[in-house]
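Hi there,

Here is the structure I promised to pass on, with my notes below it.

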Amino acid sequence: MLRILHDTKFDFISHWKSAAIGTIAFIVLGFILLGVHAARHNGQALNQSVEFTGGTVVQLTFENPPSADAVRNAVDQAGFSGAEVTTFGDSRNYLIKVQPQEGVKAAANADSVGAHIVQVMTQRIPGNQATVARAESVGPRVGSELKTRAMMAILLSFAVTLIYLAFRFEWRFGVAAVIASAHDILTTLAFLAMMRLEISLTVVAAILTVIGYSLNDTIIIFDRVRENLKKQRKESLYEVLNRSINETLPRSVLTHATVFAATLALLIFAGEVIRPFSWVMAFGVFTGTFSSIYVAGAILLWIEHKWPRATGAETKGTAKALAEGRRREQPAATAGSR
Amino acid sequence: MPLKWRVLTIIGLCLVSVFFLFPRNVKQRVRGADGALHDETVRHVPLRRGLDLEGGTYLALEVDDSKQAIPADKKKDAIDRALKTVRTRIEGYGVSESVVQKQGDDRIVVQIPGEKDPERARQLVEQQAFLQFNITDKTGALERALPKLDQVVKQRGLATATAADTSTKAGAPNKALQGLLTSGDTAKKVALGKTAKDSAAKKDSAAAADSLKLQAGGAFSSLLQQGGMPGEYYVATTDVPTLDKFLADSAVRAALPPGKDMVPGTDSTSLQNKWYKAYYLVDHNPIITGDYLSNARPNQSPTDGTIVEFSLSNEGGRRFRNETGKHIGDYMAIILDGRVMGRPPVIQGAIGTHGQITMGGKGLADAQDLALVLNAGALPVQLRVAETHSIGPSLGEDSINKGLRATIISVALVVVIMLVYYRFSGLLAVGGLALYVLYTLAALAGFDAVLTLPGIAGFVLSIGMAVDANVLIFERIREELGRGKTVRTAIDEGFRHAMPAIVDSNVSTILTAAVLYQYGTGPVKGFAVTLIAGIFASLITSIFVVRTFYLLWLNRSRGAQTLSI
């Protein structure tokens with residue numbers, strides 16, 4: 001039997017202070033970067049896709065790699081001097097992002113912008129055929145609508161999981177899990193700022209998946225806590241938490257390994273279009289693991305400390321109290337878990 | 001459940017899955033390189049691919065309220081009516097598997113897979129196709145109204161510095177143009193001064209004199225040059241925005257001759273290296289509209305080039321004959337969506353049920369599209385494109401290939417990890433994983449879900465996550481074995497103890513995916529669907545299928561003392 005990290009007795013929780021400092025530093029650094037981006041890109045802290053800002057994006061594929069200057073010049077000459085020109089993946093692919101012009105016709109322009117640039121390109125860079133691989137255009141109203149929808153999706157998934165957790169576990173667990181999820185969103189935002197990744201609807205989907213995944217992890221550990229508390233050992237919640245984390249450690253390592261293998265495959269092989277998604281997922285594996293131990297676990301302890309159960313002073317904060325309190329509060333949940 | 005039934009259930013699920021995924025012949029109507037439609041029979045696995053994989057055009061349309069505010073309930077009603085028209089047009093366009101549907105209350109979404117010319121698709125759905133036939137003015141009414149128009153423009157403060165500029169330089173070309181036009185051989189091409197004098201002689205010489213005098217100074221009148229026929233005016237292309245701005249003003253519109261409209265034409269004319277656009281003064285009330293149209297078809301005519309021939313319904317034909325009979329010798333403007341198509345022809349006699357629209361220099365494809373939109377009928381409101389996505393077929397294919405490669409590699413990695421770590425039990429999990437892939441794909445095909453690139457990514461991810469339930473169970477079995485339980489009991493207990501964690505964690509993921517499905521658009525919806533299908537398939541395989549594998553193994557090797565896990 002091949003075993004890794006079997007029967008470990010690491011004191012994970014004791015490191016919570018350094019963990020907290022580390023993650024807060026990461027988040028603060030990320031948000032400072034957001035501020036820097038905002039100052040540099042006219043208040044656009046996050047690199048949002050045209051889906052959210054409105055505007056036009058055209059991906060051109062050239063037969064041979066052109067020089068970046070030539071592409072830039074051609075775009076300028078085509079009359080889109082404010083456009084953002086970047087390579088996309090390799091040097092044969094260029095992404096041209098045009099911000100919405102004032103007026104309403106922006107959306108209609110996607111295809112003509114592409115066609116127009118290609119026309120100028122063919123004149124300026126003869127013998128290097130450019131084709132429009134993709135053209136997207138979003139009117140400003142749709143953009144703000146999609147933004148609202150994305151925010152709604154994130155908030156709603158929060159609410160829904162909170163309700164589910166409240167139903168399955170007691171509220172302390174639910175609150176701890178949701179704070180862990182909020183932490184994941186913050187670190188992911190910091191990560192997005194550091195990598196300057198473009199935020200599209202797909203990336204929002206990735207963020208939600210990361211939240212779900214991290215929640216998975218938290219639930220697995222909490223489930224073990226719940227079970228160990230029921231065993232009525234005279235252990236403090238602190239010890240129970242540590243033991244539960246150690247007991248679920250082999251599972252965590254293995255599952256993270258398989259999921260990370262899948263994300264690596266996506267990151268390396270699935271191409272440029274889906275790459276921001278892959279990056280967020282890859283990062284999510286780490287932040288999810290971290291937050292289920294150090295955020296969810298630490299917050300649970302803190303809540304327990306702050307609002308101890310009213311089951312009597314002598315058993316305050318002990319495993320027994322937690323278990324009994326739980327049973328009284330949530331008889332249905334215990335029955336349902338079988 | 002007895003073991004026999006377990007095995008039968010699994011086999012049954014596999015058979016159903018294979019049935020759903022079995023490649024079948026699909027008849028597709030596609031547009032070939034020649035632009036003509038033809039049927040093609042393709043044999044493929046019945047998994048629908050989204051536009052981002054297939055290549056094609058996506059359009060979201062909304063009511064254009066940029067010119068006037070339209071209340072929300074009216075918009076909703078207009079969208080409902082427009083939906084039918086757009087659907088008829090797209091069906092007429094003929095590419096199979098096109099989708100036209102309402103999104104929310106105020107939007108229409110059109111998806112045309114494989115469409116390589118997004119601009120054409122856009123034209124097809126955006127064009128209002130409101131056709132009307134109006135008689136052009138022959139009385140010089142505009143010339144008489146010019147003083148008032150100039151005054152109104154001045155009062156409204158519409159004339160800006162640019163307009164003043166144009167008025168100063170307008171004098172010279174005016175004369176030049178006049179000369180050019182009179183030298184033109186067509187009898188109908190009459191220069192400004194002459195028409196003005198003609199009408200003046202007939203009507204009111206004082207007014208005409210006034211109009212001539214104001215011609216030089218007025219911001220409105222200085223933009224216009226008399227065109228080649230009555231009621232036709234040329235406007236330098238550079239002045240067109242200014243004139244359009246004037247005409248957009250309600251006070252200016254009110255000052256136009258009563259019962260008349262000023263409508264731009266489609267054609268531009270070049271005179272002395274300067275481009276002019278034609279405007280026409282036409283009767284406000286059309287003699288007939290496209291409502292009476294019964295059929296339109298594209299054609300090539302040796303004299304007029306590309307044309308669209310149309311026939312009117314019986315009632316329309318009667319009306320048309322009556323009206324044209326009254327207007328013999330007049331000019332009739334064919335107005336499509338507020339633009340005069342070509343030059344208004346002269347009515348030589350009463351016209352019956354047939355007519356034609358000349359397409360100017362445009363090609364047969366444009367004539368085809370115009371015939372199509374005329375047949376489908378006019379849109380009740382002007383629509384505008386709010387969102388477009390077009391993906392070239394090569395990018396889609398590239399995405400499929402890359403997605404497939406990522407899938408294969410991630411499956412291989414997961415298989416290796418499971419086999420190395422769990423040995424025999426890992427093998428059972430891999431067997432479960434194979435069925436997982438089969439079931440997930442079958443579920444997607446069965447529910448007619450659309451596979452998108454994020455969907456493929458979600459599938460790849462879910463392969464990594466699918467083994468999580470197995471891992472949870474295996475770790476539990478190990479723990480039970482470690483406590484000295486027999487193999488059979490350890491397996492039983494392992495499955496039982498792992499259940500709450502598996503259920504809780506998967507339910508929370510399903511909830512997140514459901515929210516995504518509700519709020520996501522195309523590709524993201526595809527992602528949510530794959531995720532949900534994947535979770536259900538993974539629950540079935542890890543809890544039920546792998547358990548059955550264990551039971552089968554226990555049956556074969558009765559009294560096994562060790563388990564490779």
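In this predicted model, strand 9 (residues 232–236) of chain B has five of its five residues buried, so it is largely enclosed by the rest of the structure. Here a residue is buried if 20 or more other C-beta atoms lie within 10 Å of its own, exposed if 12 or fewer, and partly exposed in between, with C-beta atoms placed from the backbone. Helices (H or I, at least four residues) and strands (E, at least two) are DSSP runs, numbered from the N terminus. In a regular strand the side chains alternate between the two faces of the sheet. Strand 9 of chain B is covered on both faces: E232(B), Y234(B) and A236(B) are buried on one side, and Y233(B) and V235(B) on the other.

Two words on conventions: residues are numbered from 1 along each chain as its sequence is written, and chains are lettered from A and ligands numbered from 1 in the order in which they are written. As this is a predicted model, local features need pLDDT of at least 70 and side-chain atom pairs count only at pLDDT 80 or more, while totals for chains, interfaces and linings use all residues.

Which strands pair with strand 9 of chain B? Strand 8 (residues 224–226) of chain B runs antiparallel to strand 9 and is joined to it by three bridges; two strands pair if DSSP finds at least two bridges between them. Q225(B) has Y234(B) as its bridge partner. These two strands form a hairpin with five residues between them, and G231(B) in the turn has a positive phi of about 80 degrees. Strand 11 (residues 274–283) of chain B also pairs with strand 9, in the antiparallel sense over five bridges, and there E232(B) is partnered by Y280(B).

Now to where the chains meet. The contact takes 61 residues from chain A and 60 residues from chain B, two residues being in contact if their C-beta atoms, placed from the backbone, lie within 7 Å. On the chain B side, helix 13 (393–446) is among the elements that give two or more residues, and helix 13 gives the most, with 15 residues. By class, that side has 34 nonpolar, 16 polar and 10 charged residues. Ala, Val, Leu, Ile, Met, Phe, Trp, Tyr, Cys and Pro count as nonpolar, Asp, Glu, Lys and Arg as charged, and the others, Gly among them, as polar.

Strand 5 (residues 130–138) of chain A and strand 18 of chain B run antiparallel, joined by five bridges, with R134(A) partnered by I391(B). Within chain B, seven bridges join strand 4 (residues 56–63) to strand 6 (residues 107–113).

Helices cross the boundary too. Helix 7 (residues 201–230) of chain A packs with helix 15 of chain B at an angle of about 160 degrees, their axes 9 Å apart. Axes are lines fitted to C-alpha atoms, for helices over the stretch in contact, and angles run from 0 to 180 degrees between N-to-C directions. The two helices are therefore roughly antiparallel, the term for angles over 145 degrees. Residues making this contact include L208(A), L215(A) and I219(A) from helix 7 of chain A, and A501(B), S508(B) and L516(B) from helix 15 of chain B. They divide into nine nonpolar, six polar and two charged.

Most residues other than glycine have a negative phi. R423(B), however, has a positive phi near 50 degrees; R423(B) sits in helix 13 of chain B and counts as partly exposed, with 15 C-beta neighbours inside 10 Å. D448(B) has a positive phi of about 60 degrees. D448(B) lies in the loop between helix 13 and strand 19 (450–451) of chain B, and is exposed, with 9 other C-beta atoms within 10 Å.

Best wishes

Notes: Angles under 35 degrees count as roughly parallel, over 145 as roughly antiparallel, 65 to 115 as roughly perpendicular and the rest as oblique.
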